[in-house]
Amino acid sequence: MDYDVVIIGAGPAGTAAAHRLATHGLDVLLVDRTAFPRPKPCAGGLTLKSLALLPYSIASVLQRSTNDMTIGLRTGNGDFESQFSNGETICTFAVRQAFDQLNFKQATSIGADFRIAKAISEISVDEGGVRILADGKTIRTRYLIGADGANGVVRRLCAAEVPFFRGFALEGIVPYAQGIPAPHAEIYFGVVDHGYGWLFPKGDHFNVGIYTCDANVSLSKSRLRSYCRERLGTEHIEHMVGYPIGFGGDRYRPASGQVVLVGDAGGFAEPLLGEGLHNALKTGQEAAQAIVDIEAAGLPPHSLAAHFDNRIRHIRTDVRRCRRIAFRLFYPNLVRAGRRALDLPIAKPALLNGFAAGKTMREITNTFLWSALYKPARPQSLVEFEEHPHTLAA
Ligand SMILES: Cc1cc2nc3c(=O)[nH]c(=O)nc-3n(C[C@H](O)[C@H](O)[C@H](O)COP(=O)(O)OP(=O)(O)OC[C@H]3O[C@@H](n4cnc5c(N)ncnc54)[C@H](O)[C@@H]3O)c2cc1C
């Protein structure tokens, strides 16, 4: 056997798994189709619950934190805006390339091996383990974790029955300059069907984008330009790029005992806001922990699927809750449901306090009546960043 565990995809989900496995002394190989650092389309909005999952500080790659956000609502009868403000931090922002590079370094520096493979052409599973054909060479492993994102190959090669669907987001960069509004965070629902437009402030630029959870809605560069013109007064957007986001993880069940999918590959992003980083980190860690537990208990490798399934129940419930809110309640009734969420004296503080406390949507919706009692989260990355902010001058 070449490795205990092979992980295909070295994004947040893959590196989170690799870090946990290597910490426990397992032989791990991370495989990606590109070298690192590499760009990845993503707005880099890291909620406090995401920061809290990381076993090391990422303060060095955070560029901003915010305790307020403009939430807008586009209706047939004009726009409605509300300021969501809290004394506590509700979100932080990083550039994805730097975030991924840091995670990659953390995983490889504690012992995970790394290999580039341009083409994974075959995956087969038998009593002896998993055999992967990568760039014409065979890699043998006892466990395989598919962490290769929304367009991943592992799902296609060995988990055909996964009830997977895609959303889409298109983004670009607007450098701070004279005439561009001051850095601030914004989400504007209804700018596109079943989705929103966003402005996320970074060190020296806005990340601007549009998102939809509906696979039937197509997003165009001209739509992004017009949102950008409306909100920032310019159509000049650099590095415009789009990428799908993987959904459907609430119904995912591993098809094979010793192969599991994590992050966007398994459809674990949540469709309401398109937040994928938290569940990518979490499912990566849970897959790794399931393997660590199986090894410690001397159980056969094919028990991975059942152990992983058990460990991610709460994630599935959260993704299901977000899917139902997105497709049945919020986006189809945006004018009424959206106005309520912005206006109701209970909904707004519950969301604000929930985000500041690092809670999931399931936790917020289950306990919103007690939201005044939520304790703000202070993950190490945030504490270090706020003590020594290194934001570039606007
Ligand atoms: C424009 C945009 C903005 C977004 N903004 C946010 C945000 O602000 N906050 C948030 O929480 N989420 C956001 N998301 C969602 C988030 O980016 C994803 O949910 C997250 O990247 C999933 O992480 P992952 O590790 O599962 O997959 P990925 O980050 O996609 O990583 C997959 C890795 O697998 C590699 N790979 C792919 N195919 C292969 C292959 N065949 N062989 C080998 N390697 C392969 C890739 O190179 C990559 O390194 C956004 C998404 C988009 C598209």
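Trainee: How far does a backbone N or O atom of R33 lie from a nitrogen atom of the ligand?

Mentor: First, the ground rules: this is a predicted model, in which local features need pLDDT of at least 70, side-chain atom pairs count only at pLDDT 80 or more, and totals for chains, interfaces and linings use all residues. Residues are numbered from 1 along each chain as its sequence is written, and side-chain values use heavy atoms, leaving out hydrogens and water. A polar contact is a pair of N or O atoms within 3.5 Å; within protein, one must be able to donate a hydrogen and the other to accept it, and residues adjacent in sequence count only if both atoms are side-chain atoms. For R33 and the ligand nitrogen, the distance is 3.2 Å.

Trainee: What part of the ligand's exposed area does the protein bury?

Mentor: A ligand oxygen is 2.9 Å from an N or O atom in the side chain of R38. A backbone N or O atom of A43 lies 3.0 Å from a ligand nitrogen. Taken alone, the ligand exposes 1,000 Å² (Shrake-Rupley method, 1.4 Å probe). The protein buries 95%.

Trainee: How many residues of the shell around the ligand are charged?

Mentor: The ligand is surrounded by 35 residues (a heavy atom within 4 Å), with D32, R38, G45, R96 and D264 the closest. Of the shell, 18 are nonpolar and eight polar. Asp, Glu, Lys and Arg count as charged. Their number is nine.

Trainee: Is D309 buried or exposed?

Mentor: D309 sits in helix α7 (residues 304–311; helices are DSSP runs of H or I, at least four residues). Its relative accessible area is 16%. Buried means under 20%, exposed over 50%, partly exposed in between (1.4 Å probe, protein chains only). Therefore D309 is buried.

Trainee: Which side chain does D309 join through a polar contact of 2.6 Å?

Mentor: D309 touches Y252, R253, P254 and R316 (heavy atoms within 4.5 Å), not counting residues up to four places away in sequence. The 2.6 Å polar contact links its side chain to that of R316.

Key. Helices (H or I, at least four residues) and strands (E, at least two) are DSSP runs, numbered from the N terminus.
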